[in-house]
Amino acid sequence: MKNSARELRQSFIRYFEQQGHQAVPSSALIPQADPTLLFTNAGMNQFKRVFLGEESRAYKRAVTVQKCLRAGGKHNDLENVGYTRRHHTFFEMLGNFSFGDYFKEDAILFGWEFLTKTVGLDKSRMWVTVFREDDEADQLWKKIGVSPSRIVRCGEKDNFWQMGDTGPCGPCSELHFDQGPAVPGDDTPNGEGDRVIEIWNLVFMQYNRDASGKLNPLPKPSIDTGMGLERLAAVAQRKFSNYDSDLFTPLLEAVAKRAGPLGKDVATAYLELEGEEKTSTMSLRVIADHLRAITFLIADGVLPSNEGRGYVLRRILRRAARHGRLLDIREPFLHELTATVVDQMAEAYSEVKAAAGTIAEATRGEEERFIATLDQGLPILTEMIEKARSAGRTQLSGTDVFKLYDTYGFPMDLIGEACRELGMTVDETGFDQAIEEQRNRARKTGGFEQETARPAVSELAGRLGATKFVGYDRLDTDAVLQAILKSDRMVKEAAEGDEVEVALDVTPFYAEGGGQMGDQGLLVGPEGRLEIKETTRPAPTLILHKGIVTKGRIREGEQLRMSVNATTRQDAARNHTATHLVHAALRDMLGPHVKQYGSLVGPNRLRFDFAHFRPLSTRDIDEIETVVNSEIRKNETVSTEVMSIQDAVAKGALAFFGDKYGEQVRVVTVESFSKELCGGTHCRHTGEIGLFRIVSETGVAAGVRRIEAQTGSGAFALLKKAEGEMRELSDLLKVGPSELVNKTRKVLTQLKDKERELEELKLKMASGSAVASSAKTVAGVPVHVQRTDGLDVNGMRALADQLRDKMKSGVVALGAATEDGKVALLVVVTKDLISKLKAGDLIKVLAAEVGGTGGGRPEMAQAGGKDVSRLDAALEKVFGLVESALQR
C-alpha cells in the first residue's frame with residue numbers, strides 16, 4: 001500500500017535526518033522526566049527540560065515518532081473514542097524539533113515539502129492558519145507559493161501555544177487538508193465537521209511569558225511540531241476516517257471475527273456511516289482503539305489498579321470488555337487480540353514484542369474479573385433503563401444507580417456511557433448524595449470520625465519550628481529539651497515511671513516514615529534518663545520521641561545526651577537497603593510494571609508490597625534471593641545525594657505519578673543496580689546486609705503481591721531453624737539428610753495406598769450390607785435408599801455409581817452423618833427416568849428436612865445439612881416423593 005503507516009513513519013524520520021536532525025527514540029508512556037504528568041501526551045514531553053534551558057543535548061535538531069496517550073488528566077479523549085472518526089486514547093505523534101537552531105522559515109519549508117512532495121498531498125487542497133499578529137509566518141507561507149486566499153489568520157485559541165501560565169510560548173501555524181465535499185463540514189479551517197481537517201501544528205517558541213503576563217523575546221527561539229500519524233495515514237490513504245486506515249483495519253477484522261452470533265452481521269460488514277452511528281459499529285472502533293492503549297500501557301509497566309495510571313488502564317480495559325458484550329462476545333477475548341497489536345507494531349516498538357506474554361496475561365486476569373461484574377450488573381442496568389423509558393423518563397435516578405454501583409461494583413463511567421448510547425442521562429447529583437450518605441453511615445458504624453491533628457501537636461509545631469534531623473551522619477548528639485507532652489498536656493517536667501513524648505531542637509533519631517519504623521534509644525540528662533520506644537513525625541516539621549522515664553526526672557530546657565540504639569538502627573538499615581535490592585530485582589525479572597505499593601521496614605523484618613498480576617513461582621522466589629544475595633556479596637557502595645526532583649529523574653531514579661516530592665529529594669543509589677528516591681536510613685555497603693532470605697510471598701489484593709523477608713541475624717536464624725527441623729525429620733524417618741526427600745515420597749505413597757485400601761473396604765462393606773438400607777419398587781421403578789455413615793462424599797458417589805449400574809434403571813438416595821456432625825446427601829436418577837424424575841428436585845426436599853440446601857443436575861444432585869437427627873426421616877421421604885412425581 002502506498003503511504004502505509006509503516007512507510008509514513010520511516011519516510012518522516014528519513015526526511016528529517018536528511019535535514020540534519022537526530023532521530024531520537026520514543027520515550028515511554030510514563031513520563032520519567034516529569035512525574036507530575038499522568039501520561040506522555042506530546043512529542044515535546046521528553047524535551048521539556050531542553051526547551052526550559054535546564055538541560056542540553058548533543059544535538060540541536062531532533063525528530064521523533066512518539067507514543068502518546070490521552071485518557072485521564074487534563075488531556076482526556078476517552079469518552080469520545082468510538083463516537084467520532086478522529087479521537088483516540090493511544091496515538092503516535094510525528095514531530096521535528098529545533099533547540100535554538102533553525103526557526104520559522106525552515107520549519108515552514110520542511111512542513112510544506114514533506115506533505116506535498118514526500119507524502120504527495122495535493123497542494124491545491126491545502127490550507128494554512130497563522131496567528132493573527134504573525135506577519136512573518138504569513139509572508140513565509142506566501143514565499144513558498146501558498147496562495148493568500150488559502151492562508152487564514154486566527155486568534156490565540158487556535159494559533160498560540162504556551163507550556164503553562166508562565167514560561168516558553170509562541171504563535172503557531174497549522175497545516176490543514178480539504179477532503180472534499182463528500183465529507184460533511186465547512187470548506188474552511190477550524191469550521192464545523194471534518195471536511196477541512198488539521199494535520200500538522202508548527203509551534204514557534206519565541207517568547208517567555210513572565211508573571212505579569214508580559215511576553216519577552218527568547219534569546220534562542222525554538223521549534224516544536226506535532227502531527228498525528230493516525231490522521232496523516234487516513235488523509236494520505238484517501239480515507240475519511242482514521243479507523244479505515246491500515247493502522248486499524250487489521251484490528252477491526254480481528255474483532256469482527258470474534259463477534260458472537262448477535263453481533264456478527266454488523267461486525268463483518270463494518271462500514272463507516274455518514275449519519276447517526278450504530279452502537280455495534282461504534283463498539284468495533286472502541287475495542288480497536290482500546291486494544292492499542294492496553295497493549296502499550298502494559299508494555300510500559302502499567303497494570304490495572306484503583307489509582308493513578310493503573311486506574312486509567314482499568315477503565316480502558318473494562319470499557320473495551322463492555323463493548324465486546326455489545327458485540328455478543330461472552331468470554332474473555334481482549335487478551336487474545338493484543339497479539340494482533342503486537343504483530344502490527346513490533347517492528348516500530350520492540351518493547352511490545354518483549355512484553356507480549358505479560359500483556360496477554362495481565363489483560364486476561366482483569367478481563368475475567370470484570371466479566372463476572374458484567375454478568376451480574378448488565379441485566380439489572382438494562383431493566384433499569386427499560387423501566388425508566390417505559391415511564392417516559394430520560395434520566396436514571398441516582399439512588400438506583402448507586403445500588404448497582406455499590407452492590408455489584410458496576411463502574412459509574414460505564415453506566416453513564418450505556419445511558420448516553422440510548423439518549424439518557426444519570427442523576428449524578430443524586431448518585432453523589434447516596435455515596436456521601438453511605439460514607440457517613442460507615443463512619444458512624446465504625447465508631448470513628450475523620451482524624452484531626454492533636455491540638456497540643458499543632459501548637460508545638462507552630463511554636464517550636466522544624467526539628468533538625470542529623471541522624472544520617474551520627475547516632476549521638478546533645479540537644480535541648482524544648483517540650484514535654486504527658487497525656488496530650490504540656491508539662492514542665494516528668495518523673496520516673498511517666499510515659500511522655502518529648503520534642504528537642506536537634507535529633508539523630510529517625511522518625512517513622514517511608515515505611516521505616518522510628519528509632520529507639522536513650523535520652524540522658526543531668527538528673528534522669530528517658531528510654532525511647534518510638535519516634536514519630538505527627539506534623540511535617542515536628543519530630544516527637546515517645547518513651548518512659550526510667551530513672552530520676554527530666555525538665556524542659558535541659559540539655560540531654562541523645563543516643564540511638566545502634567543495633568536496631570543497623571538492623572533497620574539492613575532491611576531498608578534490602579527492599580531497594582528486592583525492588584530492582586523484581587523489576588529486572590518481571591518487568592517495568594512492578595511498582596512498590598507499600599513497605600514496612602523494622603529492625604526484625606521487612607515487608608514489600610508490589611504490583612504484579614500473578615503469584616511468584618518457587619523458581620521466581622529462588623531467583624530473587626539469588627540476585628539479592630549476589631549484590632550483597634559484591635559489597636557495593638550505597639551512596640546518597642540530595643538534588644532537584646528533575647535532576648533525580650533525569651539520572652534514572654524511580655519516581656511515580658501521584659507520589660508527593662519536594663523541590664529537593666534524596667536519592668539512594670546502589671552503584672549500577674538500584675536508584676530510588678528515599679528518605680530512610682541505609683547501609684554504607686551492601687555487604688553489611690549479610691544475608692537475605694524470603695519468608696513468604698502472598699497476595700494482598702487484586703494485582704498486588706507481598707514479600708516478607710529477613711536479613712542479617714534474622715535470616716541466619718531462619719537457616720538454623722530450617723536446619724534443626726530437617727535434622728528432626730531425619731531422626732523421625734531414620735534416614736540421613738540427603739535421603740530425606742526420597743524417604744518422604746515413599747512414605748506418602750504408602751500412606752495414599754493405605755487410604756485407598758481403607759476406602760475400598762468401607763465401600764465393600766456398605767454395598768454388601770443390608771443394615772440401614774432399603775430397596776422398594778415404586779410404580780415399577782426400583783428405589784434404593786441407604787444410610788452410609790463412614791463414607792465421605794467421594795465414597796458415596798462411588799457407591800451410588802455401583803448401585804445405579806447394577807439397577808440399570810431406578811433411583812438411588814444416600815445419606816451419611818459426617819465426622820464433623822453434619823449431614824451429606826446424594827441422589828442419583830438413571831437417564832431413562834429424568835423426564836419424570838429429577839435428582840435436583842428430590843434433593844431439595846431432603847435437604848430442607850435436615851436444615852440444609854443443595855442442588856445439581858437432573859441425573860445427580862448432592863446437598864448438606866445440619867440436623868443429623870432428621871436424616872432417617874429425610875431418607876424415608878424418598879419413596880413418597882418418587883411416587884408423587886411419577887403420578888403427575
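**Entry 1: helices α1 and α6**

I looked up the handedness of the crossing of α1 and α6 and found it to be right-handed. I note here that the model is a predicted one. For the contact itself, I listed A5, L8 and R9 on the α1 side; α6 contributes L229, L232, A233 and A236.

I then took the geometry of the pair. Helix α1 covers residues 5–18 and helix α6 covers residues 229–236. Their axes lie 10 Å apart, and the packing angle is about 115°. I therefore recorded α1 as roughly perpendicular to α6, because angles of 65 to 115 degrees fall in that class.

**Entry 2: D138**

I located D138 in helix α4, which spans residues 135–143.

**Entry 3: strands β27 and β28**

I examined strand β27 (residues 692–701) with strand β28 (residues 704–711). The two run antiparallel and are joined by eight bridges. Which residue of β28 is the bridge partner of G699? I found R705 in that position.

I also inspected the link between the strands. β27 and β28 form a hairpin, with two residues between them. In the turn, I noted a positive phi of about 80° at G703.

Definitions and conventions: Residues are numbered from 1 along each chain as its sequence is written. This is a predicted model: local features need pLDDT of at least 70, side-chain atom pairs count only at pLDDT 80 or more; totals for chains, interfaces and linings use all residues. Side-chain values use heavy atoms; hydrogens and water are left out. Axes are lines fitted to C-alpha atoms, for helices over the stretch in contact, and angles run from 0 to 180 degrees between N-to-C directions. Helices (H or I, at least four residues) and strands (E, at least two) are DSSP runs, numbered from the N terminus. Angles under 35 degrees count as roughly parallel, over 145 as roughly antiparallel, 65 to 115 as roughly perpendicular and the rest as oblique. A crossing is left-handed if the near helix is turned anticlockwise from the far one by less than a right angle, and right-handed if clockwise. Contact means heavy atoms within 4.5 Å. Two strands pair if DSSP finds at least two bridges between them.
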